[in-house]
Amino acid sequence: MSDVTPEERMAITASRLLDDHRVVFAGVGMPLLASGLARRRQAPHLTIVLEGGIIGTRLHPGQLPISTNEMRAAYGAPMLTDISDIFLYAQRGFFDYGFLGAAQVDRYGNINTSFIGDPDSPKVRLPGSGGAADIICLCREIFIVTSHERRRFVDTVDFVTSPGYLTGGESRRAAGLTSGQPAAVVTDLALLDFEPQTKEMRLRQVQPGVSVAEVQAATGFPLLLGEEITELAEPSAVELEMLRELSGEGPAGPRAGAA
Amino acid sequence: MTVSAAQPGSVPPVTHRLVADKLVTAREAVLLVRDGDHIAIGGTLYSRTPMALLFELLRTGRTGLTLSRPLACHETELFLACGAAERIVTSWVGIGLRWGLSPVLRHYVENGLASYDEWSHLALGLRYKAAAMGVPFLPTRTMLGSGLADRTGTQRVSCPYTGEELLAVPALAPDVTILHAHRADVYGNVQVDGYRHMDVDMARAARRVIVSAEEIVAPEVIEAAPGSTMLPHFTVDAVVEAPFGSYPHECYGRYEADFRHFDDYVALLREHGPDGARRYVDRNVLGQADFAGFLETAGAGRLDELTRAAQELTSRAGNTT
């Protein structure tokens with residue numbers, strides 16, 4: 001299917017990583033789409049948690065929230081709590097998966113969403129962590145979802161907003177981050193993981209029709225290659241249809257006045 | 001041991017409050033704020049922001065304020081652009097991804113005109129919670145190993161029982177917490193529907209607390225649903241009646257946020273840069289007699305639309321996945 005957008009490709013690739021009967025800490029945008037799609041397809045008992053304090057949101061197709069704190073984020077949820085409390089569930093260890101985006105991500109999965117350039121005199125002051133630093137510190141398996149561009153995939157991030165494997169090896173554990181770990185990086189070009197010993201980012205699969213050289217060219221550091229690089233399955237017609245209905249690209253339109 | 005107010009982790013004693021009628025106007029309530037105060041703003045991003053009170057605070061011309069909030073939205077930009085606030089303490093600034101990076105934040109912080117102390121969402125929540133609990137810090141695993149911990153100078157602590165290394169986030173006690181609720185009685189018993197955000201902790205942490213409410217109700221109405229009460233009277237200094245008091249932000253179950261209003265605001269910023277936020281204040285705050293005047297510019301029809309949308313969303317009926 002040639003009309004699949006890069007965003008749809010990422011959401012579908014990410015959704016396949018989610019198993020049934022798990023709890024996922026999602027954010028708005030792609031993570032929510034991926035989680036919602038998984039619930040509709042292979043994981044009907046997936047519990048979606050949002051940082052506004054929502055446990056078990058069911059999503060209103062075509063009316064997805066833009067903020068995790070607005071009332072449409074709570075659609076059909078059996079429980080609402082406060083913000084600190086939802087993160088304390090994470091700290092206790094209840095959340096299996098956590099999703100993150102990234103303005104910059106480095107070879108050890110450290111994420112920067114705070115500063116471009118020198119933090120003391122930044123070229124760009126980005127919005128900040130929000131709950132990202134908490135999610136990467138406290139959820140069990142972390143999935144980083146972002147478009148694959150050289151300016152994003154950098155050798156060393158300008159600032160560690162959200163700590164991945166820090167300087168690799170055992171450094172994450174040594175910093176006191178003993179519960180969770182970055183597990184995968186999902187992009188419009190590839191699916192990557194982290195080498196178990198060194199914790200360096202490693203290419204595992206490419207999106208259909210993408211070459212290893214293309215992935216490397218879009219990465220600002222030398223990519224570790226898995227033993228056998230296979231191609232990810234094309235989005236199926238069912239996946240695309242479910243995703244588009246959810247996002248409002250299908251029959252139900254998005255919120256009026258969209259920018 | 002005595003601790004100075006400037007010391008990280010210091011928590012002031014609570015204010016003694018009477019069981020008395022605390023109903024005042026927004027104009028009277030914001031007199032509790034002084035130049036240089038740290039103001040915690042209730043709600044989160046564009047949800048249950050105490051906009052009627054904040055507009056009134058902008059009108060006073062207070063300066064040197066520090067603003068803290070879980071996620072800061074366009075209200076915080078207005079305080080930066082008017083020179084009212086010089087420091088913000090939060091985890092995120094913007095309206096939402098669809099409206100792009102905040103040009104106001106960029107202008108003030110990149111040029112050193114204001115500072116932005118960035119904490120993770122939970123770390124900020126635990127800072128309010130520590131103060132709300134009356135302790136100088138809380139231990140946590142979040143933010144360990146991050147640049148945020150280094151940059152804020154947050155110290156580690158060793159557990160005296162297990163020896164585990166944890167981050168010790170210092171208590172954050174606002175001078176004044178300002179929040180908006182669904183209903184309150186004149187004594188300051190406060191109820192909300194839906195999310196509580198970080199309101200309870202930031203109120204219990206603060207020296208002074210101002211609450212606006214969609215409705216002022218009789219004590220019997222509060223007593224009929226005590227489980228919905230999030231703050232008791234002895235935590236509250238002033239109560240203000242403010243229907244649509246979060247507009248153009250949302251109030252759970254009452255009215256949705258007005259995205260068209262955000263689009264217009266962002267268009268002003270695109271045209272005039274950070275000065276667009278000052279123009280916004282001139283038009284919507286200083287150019288109106290009061291918050292009711294601002295609401296009139298939105299139009300009753302628009303407020304009805306947002307109300308209907310909220311009712312539909314929270315009625316729990318319909319097509320869900």
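**Exercise 1.** In this predicted model, which residues of helix 12 of chain B are buried, and where around the axis do they lie?

*Solution.* Start with the buried residues: in helix 12 of chain B they are B:L306, B:A310 and B:L313. Next, take their directions from the axis: the arc they cover is only 65°, so they sit on the same side of helix 12 of chain B. Finally, turn to the other side of the helix, where the exposed residues B:A300, B:G301, B:D304 and B:R308 are found.

**Exercise 2.** Describe the side of chain B that touches chain A.

*Solution.* First, the extent: 62 residues of chain B are in contact with 55 residues of chain A. Second, the elements: those that each supply at least two residues include helix 4 (103–110), strand 7 (165–170) and helix 12 of chain B. Helix 5 of chain B gives the most, with 5 residues. Third, the classes: this side has 26 nonpolar, 21 polar and 15 charged residues.

**Exercise 3.** Which strands of chain A are at the edges of the 10-stranded open sheet?

*Solution.* Write down the order, 4-3-2-1-5-10-11-12-13-14, with mixed pairing. The edge strands are strand 4 (79–80) and strand 14 (224–231) of chain A, each pairing on one side only. Within the sheet, strands 10 and 11 of chain A run parallel and are joined by 5 bridges.

Key: Residues are numbered from 1 along each chain as its sequence is written. Chains are lettered from A and ligands numbered from 1 in the order in which they are written. This is a predicted model: local features need pLDDT of at least 70, side-chain atom pairs count only at pLDDT 80 or more; totals for chains, interfaces and linings use all residues. A residue is buried if 20 or more other C-beta atoms lie within 10 Å of its own, exposed if 12 or fewer, and partly exposed in between; C-beta atoms are placed from the backbone. Helices (H or I, at least four residues) and strands (E, at least two) are DSSP runs, numbered from the N terminus. The arc is that of the directions from the helix axis to the C-beta atoms. Two residues are in contact if their C-beta atoms, placed from the backbone, lie within 7 Å. Ala, Val, Leu, Ile, Met, Phe, Trp, Tyr, Cys and Pro count as nonpolar, Asp, Glu, Lys and Arg as charged, and the others, Gly among them, as polar. Two strands pair if DSSP finds at least two bridges between them.
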